[in-house]
Amino acid sequence: MRNRTGGEQVPIRKVVVVGGGTAGWMCANVLLARSRFDVVLIESPRVSKVGVGEALTPFFFAFLNTVGYDPVAFIKAVRGSVKLAVRFENWLGNGDVYYHPFQDGGDYIGKPEFRVSPGYNRLVSYALAKNVPLHNLATSYSLLCEYGKVPWPRNFQKDEAQYHGYGSYAYHMDTHAFSETFRARALKNGVDHVQGHVVSVNKAADSGRIRSVSLEDGRKVEGDFFVDCSGFRRLLISTMSPEWTSYSPWLPVNRAIAFSIPYSETRDRRSSAIPPYTLARALRGGWLWKIPLRERFGAGYVFADDFISEDDARRELEAINPEWSRQPSHTIRFEAGALRNTWIGNCVAVGLSSGFIEPLESTSIQIALTQILGVVDVLRNPFSYNPRVLDAYNRAIEAETEDIRDFIILHYATPRGDTPFWEHIRNNYRGLDYPESLRDKIETAWHRTCGHNRVQSEQIRGRVFGELSHLYVMQALGLLNPETARADFLQEFDSVERALATVGRPVRRLQTHLLQFRRECLSHREFLDML
Ligand SMILES: Cc1cc2nc3c(=O)[nH]c(=O)nc-3n(C[C@H](O)[C@H](O)[C@H](O)COP(=O)(O)OP(=O)(O)OC[C@H]3O[C@@H](n4cnc5c(N)ncnc54)[C@H](O)[C@@H]3O)c2cc1C
C-alpha cells in the first residue's frame, strides 16, 4: 500500500535487535519503554562485546529518564562514579594540564557583573586577556576535580542525589555491569532474548528489505524491522551497501590496548581519592584513558599503528607503570569514520556498527542514544517507507556525528611534534588541514572573543558541544588571541589596564567563592559511600 506522499506502508510488529552490547541493551530497553513492538534481541554466545566504553556524557540522563531508571540506583548497579570533566594532560608536550568541565550550575559567566551585553562578557575577556584558564573561572568543576570533590554539599541528604540541581554532570560505569543490569530489566519487561550466532541475513527479492536472520544452529529469526547493534562487525547494515566516510586523515588512531587497574589494596581504600573526571593523557603514539570506577580504573592506550607498534606501545605503558603490564588486556582495532547513511531500508545501525569517531570525549554511547531515540520517535506501525523520512534521520545523525568529529579533531590542534605521531598531527595543524567547518571555527575564534551573542557564538559552538567547551580547549591549546580579548575592553573602558583592574575585583570575589564552595563539598568517595 502507498500513502499520499509516496512511501510504502508496511506493518511493523516485531523489531529484531542484533547484538547485546551497550547499544543493543539500551535499544531494547528504550523500545520496550516507548513502543508496543515485540522486541527480540539476539546475542552471540561466542563473540564478546567490545568491553570498553565506560565514560558517559550528561546526555545519558535521557536514557535513564526514558526507561524510568533512578540515577542513584543506576550508579550503584553499574559500580559507577561521577564525572564532572575530562582532564587533559600533556597535549602540548610540556606537562600541561587542562580540564574540559561539563557546565556546572553556578553560571558564573551569567552574573550581572560580568554579562554586559549578549556579545561581550567581561569574565570571558578577562580570562583570555590575562591568560587565566577560563575553565578555572567559568565553573567550579576544575577546582573540585583538583581536590577529588563533587558538587554535593556536606549537609546533603541522600535522597537528593536524584536531584539534578547540582549542575550538569555525567557518570562513569562498569560496562559489563551495565549489560547485566539492562539485560535483566529488558527480560523483566518482556524482551525475547535469543542466544545465537547470526550467520546470514535473508532479504526479500523485490524490496531488498531484511526478512530474517539465520543462526548457526539452524534457527531463523524473522522480523519487520532490524537494528544492527553488532558492533564493528556491522553484520546487517553491511549487506545494505552502505557508504563509509573515513575520518582517519584527521584522526589517525586506530588501535587500543584496554586493561583495568585495581585500586591498590595496600592503601587505605576509604581515604584514597576517586577522581571525579576521565583522564586523557597524551602519550608518544596517541593517548591514555583512565576512567575511575568504584573498585578499579578502566584504562587503555589508544594509538596509531602507522606511527608506533603495539610492542612499543606496551613498552611505553610498562615504563609508566610496570604494574600495568601485569594486568590482563585486550587489543581493539578500529578506523575512525562513520557510515553516511545509518538507516537503509528496514535496517538501522546503532552504536559501533554505525561508526566510531574515537574515544576522546567519550561520545560514542551518546551518539548511540541519539540514534535510538531518533528511531523510536520515527518508527510507527504501520511505517511509511518514505525516502524523505529516512533521509531526514540520516542527515541529522550525520550532522551530529560530524559536529562531534570536529570537536575531537580540535583537541589535536597542537604544535607538539616530538614523535612521528605528533609530527603528523602537527603537519595537519600547521596546514589547518581540517574539515572546513572546523577551520572556520578556529579562524573565527582567533579574531573574535566569543560572548553569549547568538551570531558570534554560533560560529564557534557546535550542535553538541557548546561555546564554552570550544573556548576551554582552544585556550588551552593557544588557539585564542589575548590581544583580541584585550581589545574587547576598549569598547567599555578607556584603557585595558583600567579594565583589568576593575574586572579583577569581582573576579577575585568569585575565586574566593569558589574556594569556599570547594571546602563545603563532599569528597567523591564520601559521596559514593553515602549512596
Ligand atoms: C577503545 C575504545 C574506547 C571507548 N570508550 C568509550 C567511552 O569512554 N565512552 C563511550 O561513550 N564510548 C566509548 N567507546 C565506544 C563504546 O564502547 C561503544 O559505543 C559501546 O560499547 C557500544 O558498543 P556496541 O554495543 O555497539 O558493540 P559491542 O559492545 O561490540 O557489542 C556487539 C554485540 O554484537 C554481538 N554480535 C557480534 N557478532 C554477532 C553474531 N554473529 N551474532 C550475534 N551477535 C553478534 C556481540 O555478541 C555483542 O553482544 C569506546 C570504544 C573503543 C573502541
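In the predicted model, seven strands form an open sheet in the order β6-β5-β18-β19-β20-β17-β21, and their pairing is mixed. The edges of this sheet are formed by β6 (97–101) and β21 (329–333), each of which pairs on one side only, while the twist from one strand to the next averages 20 degrees. Within the sheet, strand β5 (residues 85–89) and strand β18 (residues 277–283) run parallel and are joined by five bridges; Glu89 has Arg281 as its bridge partner in β18. Helix α14 (residues 467–476) packs on the sheet, where it touches β5 and β6, and its direction makes about 175 degrees with that of β6. Helix α8 (residues 310–320), for its part, lies across β17, β18, β20 and β21, and runs at about 25 degrees to β17.

A further helix, α11 (residues 420–430), contains the buried residues Phe421, Trp422, Ile425 and Tyr429. When α11 is viewed down its axis, its buried residues fall within an arc of 85 degrees, and they therefore line one face of the helix. These buried residues pack against β19 (286–292), which is one of the strands of the seven-stranded sheet. On the face of α11 that is turned away from the buried side, the exposed residues Glu423, Asn427 and Arg430 are found. Just after α11, Leu432 takes a positive phi of about 40 degrees.

The loop between α10 (387–410) and α11 contains Gly417, which counts as partly exposed because it has 16 C-beta neighbours inside 10 Å. When residues up to four places away in sequence are not counted, Gly417 touches Trp422, Glu423 and Arg426; of these, Trp422 is buried in α11, whereas Glu423 is exposed. Gly417 and Tyr429 are twelve residues apart along the chain, and their C-alpha atoms are separated by 10 Å.

Around the ligand there are 38 residues, of which Gly19, Gly21, Gly53, Gly231 and Gly351 come nearest. Two or more residues of this shell are given by each of the elements α1 (22–34), β3 (38–43), β17 (255–262), β20 (296–303) and α9 (364–378); among them, β17 and β20 also belong to the open sheet. By residue type, the shell around the ligand divides into 19 nonpolar, 15 polar and four charged residues.

Technical notes. Residues are numbered from 1 along each chain as its sequence is written. This is a predicted model: local features need pLDDT of at least 70, side-chain atom pairs count only at pLDDT 80 or more; totals for chains, interfaces and linings use all residues. A residue is buried if 20 or more other C-beta atoms lie within 10 Å of its own, exposed if 12 or fewer, and partly exposed in between; C-beta atoms are placed from the backbone. Helices (H or I, at least four residues) and strands (E, at least two) are DSSP runs, numbered from the N terminus. The arc is that of the directions from the helix axis to the C-beta atoms. Two residues are in contact if their C-beta atoms, placed from the backbone, lie within 7 Å. A residue is near a molecule or strand if its C-beta atom, placed from the backbone, lies within 6 Å of it. Ala, Val, Leu, Ile, Met, Phe, Trp, Tyr, Cys and Pro count as nonpolar, Asp, Glu, Lys and Arg as charged, and the others, Gly among them, as polar. Two strands pair if DSSP finds at least two bridges between them. Axes are lines fitted to C-alpha atoms, for helices over the stretch in contact, and angles run from 0 to 180 degrees between N-to-C directions.
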